[in-house]
Amino acid sequence: MEKIALWEILVPKIFSDGSKIEISYHNKWDEMVRGISSGLTIFRTAKGQWVSPDNKLFTEEMIPVRIMCTCSQIEMIADITAQHYKQEAIMYYLISEDVFIQHYDKNGTRIEQK
């Protein structure tokens with residue numbers, strides 16, 4: 001069984017042609033990712049720059065998204081992201097190999113995991 005880790009992936013805020021990506025379009029991506037990983041945490045926009053293999057500079061706003069999943073799952077999410085947003089490259093990276101979720105009842109009492 002593959003180990004679950006915490007990953008971050010950068011999602012574009014605008015398409016390569018400069019047109020804005022609507023929230024409803026992002027929501028479709030969110031739904032696809034939830035179907036693979038069960039959840040995601042979306043952060044505020046960050047500004048990024050990268051140089052393509054043909055030495056062209058790209059400056060764009062990106063949305064950092066953290067996802068708890070396996071390595072195979074983040075690779076699948078990267079593929080979906082590239083296809084959904086029509087991107088030439090997708091950056092994702094490992095945040096932590098130690099990820100824990102503790103569940104509690106309505107009174108704040110820890111629910112023991114099985």
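What follows covers the core, a histidine and the cysteines.

This is a predicted model: local features need pLDDT of at least 70, side-chain atom pairs count only at pLDDT 80 or more, and totals for chains, interfaces and linings use all residues. Residues are numbered from 1 along each chain as its sequence is written, and side-chain values use heavy atoms, with hydrogens and water left out.

Start inside. A nonpolar core is a set of buried Ala, Val, Leu, Ile, Met, Phe, Trp, Tyr and Cys residues joined through side-chain atoms within 4.5 Å. Buried means under 20% relative accessible area, exposed over 50%, partly exposed in between (1.4 Å probe, protein chains only). The largest such core has 17 residues. Ile-9, Val-11, Trp-29, Val-65, Ile-67 and Ile-77 have the most contacts inside it. At least two core residues come from each of strand 1 (5-12), helix 1 (23-37), strand 4 (57-69) and helix 2 (71-85). Helices (H or I, at least four residues) and strands (E, at least two) are DSSP runs, numbered from the N terminus.

Take Val-65. Beyond its neighbours within four places in sequence, its contacts (heavy atoms within 4.5 Å) include Trp-7, Ile-9, Trp-29 and Leu-40.

Now His-26. This residue sits in helix 1. His-26 counts as buried, at 10% relative accessibility. Residues up to four places away aside, His-26 touches Val-11, Pro-12, Lys-13, Ile-21, Ile-63 and Tyr-85.

Last, the cysteines. A disulfide is a pair of cysteine sulfur atoms within 2.5 Å. The count is zero. Cys-69 is in none, because the closest cysteine sulfur to that of Cys-71 is in Cys-69, 8.5 Å away and too far for a bond. Cys-69 is buried at 1% relative accessible area, whereas Cys-71 is partly exposed at 32%.
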